[in-house]
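Work through the exercises below with the model open. Each task is followed by a stepwise solution.

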Amino acid sequence: MDTEPRTVRANGITLAYRVWGPEDAPPLVLLHARGADGADWAEVAPALAAGPRRVYAPDLRGHGRSDWPGGYAYEAMRDDVFAFLGALGIARADVVGHSLGGAAAYLLAQYSPRLVRRLVLEDVPAPVPLDPPRPPAERPDGDLPYDWAMILATDEQRNAPDPVWWDHMGRITMSTLLIGGGPTSLIPQEQIAAFAELLPDARRVTIDAGHLVHEARPEEFLAAVGEFLSPADRTPS
């Protein structure tokens with residue numbers, strides 16, 4: 001399997017990404033959480049690729065080996081993923097997003113429902129204002145594997161999300177699996193329940209793992225996602 005990072009130009013920046021699985025298999029895109037990168041999926045990606053699937057795990061802008069351009073609107077991350085798929089010639093894909101990556105995933109599903117065949121949101125907060133707001137973050141010492149400006153920008157959007165994001169949830173018409181991390185997660189689980197009620201075709205499962213579901217409970221995560229995504233679609237991308 002080829003898991004060495006590759007790069008592609010998309011939406012005016014360079015995105016790094018990793019790949020697992022046969023080239024002609026149905027595509028699956030994995031979008032990581034804030035502060036991580038595509039390597040965060042390394043433990044579960046081979047099992048997902050065994051579907052068989054062609055698994056792609058990009059580093060979001062401001063993370064890892066992708067460009068750190070300084071602009072970190074959620075919509076920019078959505079547009080990066082849209083352009084990433086276009087650059088690779090992928091017309092339709094299953095998409096899994098964790099936390100921040102899940103926000104990019106649901107915005108992509110709103111923006112281009114025909115592009116996202118099935119959607120998995122792993123412990124993704126609903127776009128509702130935080131009360132009380134998240135206080136200003138203090139930068140850790142030393143070099144970071146992400147752009148600190150990304151932390152500040154995403155905190156701002158987490159505190160006061162664009163109301164359109166919530167208003168457009170009805171556009172997510174594809175089958176959607178919402179995975180909650182249970183009572184130890186930092187994400188209010190009632191928000192995930194609200195997602196499930198709002199989306200036209202949603203199912204919800206809870207894996208008591210905290211926020212890092214696929215890392216803390218990989219076998220249970222793979223069981224839930226594998227069942228949801230099976231059988232793999234053999235329609236060419």
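**Exercise 1. List the contacts of Leu119, leaving aside neighbours within four places in sequence. Then place Leu119 in its core.**

Solution. The model is predicted.
Step 1. Count heavy atoms within 4.5 Å as contact. Leu119 then touches Val95, Ala105, Tyr106, Ala109, Ile172, Met174, Ser175, Thr176, Leu177 and Phe228.
Step 2. Turn to the largest nonpolar core, which has 47 residues. Leu119 is among the members that touch the most others, along with Leu31, Phe84, Leu85, Val95, Tyr106 and Ile172.

**Exercise 2. Decide whether Val19 is buried or exposed.**

Solution. 
Step 1. Locate Val19 in strand E2 (residues 13-20).
Step 2. Apply the cut-off: buried means under 20% relative accessible area. Val19 has 1%, so Val19 is buried.
Step 3. Check a partner along the chain. Arg54 is 35 residues from Val19, yet their C-alpha atoms are separated by 7.1 Å.

**Exercise 3. Describe the largest cavity and its lining.**

Solution. 
Step 1. Count cavities of 30 Å³ or more: there is one.
Step 2. Take the volume of the largest cavity: about 50 Å³.
Step 3. Read off the lining: Leu15, Pro58, Asp59, Leu60, Arg61, Met77, Asp80, Val81 and Phe84.
Step 4. Sort these residues by class. Six are nonpolar, none polar and three charged.
Step 5. Find the main contributor. Helix H2 (residues 74-87) gives the most to the lining, with four residues.

Note on methods. Residues numbered from 1 in each chain as written. Predicted model: local features only at pLDDT ≥ 70, side-chain atom pairs only at ≥ 80, totals over all residues. Heavy atoms only, no water. Core = buried A, V, L, I, M, F, W, Y, C linked by side-chain atoms within 4.5 Å. Buried < 20%, exposed > 50% of the residue type's maximum accessible area, 1.4 Å probe, protein only. Helix = DSSP H or I, 4+ residues; strand = E, 2+ residues; numbered from the N terminus. 1 Å grid on protein atoms, 1.4 Å probe; cavity = no way out; pocket = protein on both sides within 12 Å on 5 of 7 lines; lining within 4 Å. Points joined across faces, edges and corners; volume = space filled by probe spheres on them. Nonpolar A, V, L, I, M, F, W, Y, C, P; charged D, E, K, R; others polar.
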